[in-house]
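Please consult the sequence and coordinates shown below while reading.

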Amino acid sequence: MISFLPRLAAATALILLIPLIAMQITDEVNWDPADFALFGILLFGAGLTYELVTRMGGNAAYRIGAGLAIAGAFLLVWVNGAVGIIGSENNDVNMMYFGVLAVGFLGSIIARFEPKGMARALFATAFAQALVPVIALTVWQPPSWGRAGVGGVFILNTFFVVLFAGSALLLRQAALEQHDTVN
């Protein structure tokens, strides 16, 4: 069961070498130990989650769909924590993105990681992702949208909506394939 952990740890360490080497080449990359620790934990956690979740489902659509959802969640946390999506990383409105992740996470647990239920959870996650900038624009009205502006925030959110909706479609396909093999 845990035979993949050394490979996962090695892959995480190799990926962490990228910013370490970049710091030697350019002043544009300036990570402190906390940045490395957080990125390592997120990366290892995403890999571990993928390994554990995909052991529950067998077909390719399930594995790819789960991977896409996990990658989307990883990127959402990383981008939001590193630079923020709406304004800076210190803008409180960005906390709504953790609600987006909670929808997917709790929905997947409720669905017991079955593809049909996970598809529903990821469609709900995509919808929650789409709602965040709308709520921010109409209700919260943050003082600054950052350098990207309102349009850039909506474009970035659309990217995440597509990731989560694409994952949901793949998981729905996995459920259909699972149903076909049972019958």
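In this predicted model, helix α3 (residues 60-82) packs against helix α4 (residues 96-110) at an angle of about 165°, and their axes lie 11 Å apart. Since angles over 145 degrees count as roughly antiparallel, α3 and α4 are therefore roughly antiparallel to each other. The crossing of α3 past α4 is left-handed. On the α3 side, the contact is made by A73, L76, V77 and N80, and on the α4 side by Y97, F98, V100 and L101. By class, seven of the residues in the contact of α3 with α4 are nonpolar, one is polar and none is charged.

Helix α4 also packs with helix α5 (residues 115-140); the two axes come within 8 Å and cross at roughly 165°. That angle makes α4 roughly antiparallel to α5. Here α4 passes α5 in a right-handed crossing. From α4, the contact draws on M96, Y97, V100, V103, G104, G107 and S108. From α5, the contributors are M118, A121, L122, A124, T125, A128, Q129, V132, I135, A136 and W140. The contact of α4 with α5 comprises 13 nonpolar and five polar residues, with no charged ones.

| α3 and α4 | about 165° | 11 Å apart | left-handed | seven nonpolar, one polar, no charged |

Which elements make up the chain as a whole? The chain has six helices and zero strands, and the order from the N terminus on is α-α-α-α-α-α. Along the principal axes, the C-alpha atoms fill a box of roughly 55 × 45 × 20 Å. Of the 183 residues in the chain, 37% are buried. Among contacts with a separation of 6 or more, 68% join residues 24 or more positions apart.

As to confidence, the mean pLDDT of the chain is 92, with 97% of its residues reaching 70 or more. Which element has the highest mean pLDDT, and which the lowest? The highest value, 97, belongs to α4, and the lowest, 91, to helix α6 (residues 149-182).

Methods: Residues numbered from 1 in each chain as written. Predicted model: local features only at pLDDT ≥ 70, side-chain atom pairs only at ≥ 80, totals over all residues. Heavy atoms only, no water. Axes fitted to C-alpha atoms, helices over the stretch in contact; angles between N-to-C directions. Helix = DSSP H or I, 4+ residues; strand = E, 2+ residues; numbered from the N terminus. Parallel < 35°, antiparallel > 145°, perpendicular 65-115°, else oblique. Left-handed = near helix turned anticlockwise from the far one by under 90°. Contact = heavy atoms within 4.5 Å. Nonpolar A, V, L, I, M, F, W, Y, C, P; charged D, E, K, R; others polar. pLDDT = per-residue confidence, 0-100. Buried < 20%, exposed > 50% of the residue type's maximum accessible area, 1.4 Å probe, protein only.
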